[in-house]
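Okay, thanks everyone, I'll keep this short. Let me put the sequence and the structure up, and then I'll walk you through what I looked at.

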Amino acid sequence: MYSIVVEHIYLLVLVTLISVLQNAFFALKVEKEGNCQNIPTSAFERVCCANRNCMDAYPTFLAVMWCAGLCLNQAPAAFAGIIYLVVRQKYFVGYMGQTSQSTPGYMFGKRILLFLFMMCIVGIFNYLLVHYYGSEYKEYVETITGAASALLLLP
């Protein structure tokens, strides 16, 4: 029983653990910048703001990634999660430079969150179809969702 459960969530777990490492990296950047000088600098302010912005969106990211993976299919949800983490890294690094450099990462991150949210809705809708009408559309929906996840790579 245990291996069956893990089989359906291991990609989501992997992305979650990578996101934890990324959060630790962000925290180390804040700590390093804070230890450089006793007086808060503009660089320290930018790093703190970037970290706070990433932390504000983190619960939403985890919720929609896990719901999309559980309700529909873990592979596209995990793929979108990895892309989101790459985009969040780009946002963080861009914010440490000039805040205008972080805008593309921010906008792309919103698009990924919307995709994951739509996966959740489709998964719930699919469950309701199967439960109330006995129709089995899950394979078709998973195929479409898997193909649509490749669209996330478009700028």
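So, Gly 34 sits in helix α2. Is this glycine buried or exposed, or something in between? Well, Gly 34 comes out as partly exposed, because its relative accessible area is 27%, and the partly exposed class runs from the 20% limit for buried up to the 50% limit for exposed. Now look across to Phe 44. Gly 34 and Phe 44 are 10 residues apart in sequence, and from C-alpha to C-alpha the gap is 6.2 Å.

Before I go on, please keep in mind that this is a predicted model.

Helix α2 covers residues 10-36, and its axis comes within 10 Å of the axis of α3, with a crossing angle of roughly 170°. How do α2 and α3 run relative to each other? Roughly antiparallel, because anything over 145 degrees gets that label. As for what's in the contact of α2 with α3, there are 19 nonpolar residues, six polar ones and two charged ones.

Next pair. Helix α3 is residues 42-71 and helix α4 is residues 74-96, and their axes also come within 10 Å, crossing at roughly 175°. That angle makes α3 roughly antiparallel to α4. The contact of α3 with α4 splits into 17 nonpolar, five polar and two charged residues.

While we're on helix α4, that's where you'll find Phe 79. Phe 79 is partly exposed, with a relative accessible area of 31%.

Last stop is the surface. Which residues make up the nonpolar surface patch? They're Ile 124, Tyr 127, Leu 128, Tyr 132 and Tyr 133, and together they make a patch of about 620 Å². Let me pick out one of them, Tyr 133, which lies in helix α5, residues 103-133. Tyr 133 counts as exposed because its relative accessible area is 65%, and the cut-off for exposed is over 50%.

Methods
Residues are numbered from 1 along each chain as its sequence is written. This is a predicted model: local features need pLDDT of at least 70, side-chain atom pairs count only at pLDDT 80 or more; totals for chains, interfaces and linings use all residues. Side-chain values use heavy atoms; hydrogens and water are left out. Axes are lines fitted to C-alpha atoms, for helices over the stretch in contact, and angles run from 0 to 180 degrees between N-to-C directions. Helices (H or I, at least four residues) and strands (E, at least two) are DSSP runs, numbered from the N terminus. Angles under 35 degrees count as roughly parallel, over 145 as roughly antiparallel, 65 to 115 as roughly perpendicular and the rest as oblique. Ala, Val, Leu, Ile, Met, Phe, Trp, Tyr, Cys and Pro count as nonpolar, Asp, Glu, Lys and Arg as charged, and the others, Gly among them, as polar. Patches are made of residues with over 30% relative accessible area and no salt bridge: like charges are joined within 9 Å, nonpolar side chains (Val, Leu, Ile, Met, Phe, Trp, Tyr) within 5 Å. Accessible areas come from the Shrake-Rupley method with a 1.4 Å probe; for residues, only the protein chains shown count as cover. A salt bridge is a side-chain nitrogen of Lys or Arg within 4 Å of a carboxyl oxygen of Asp or Glu. Buried means under 20% relative accessible area, exposed over 50%, partly exposed in between (1.4 Å probe, protein chains only).
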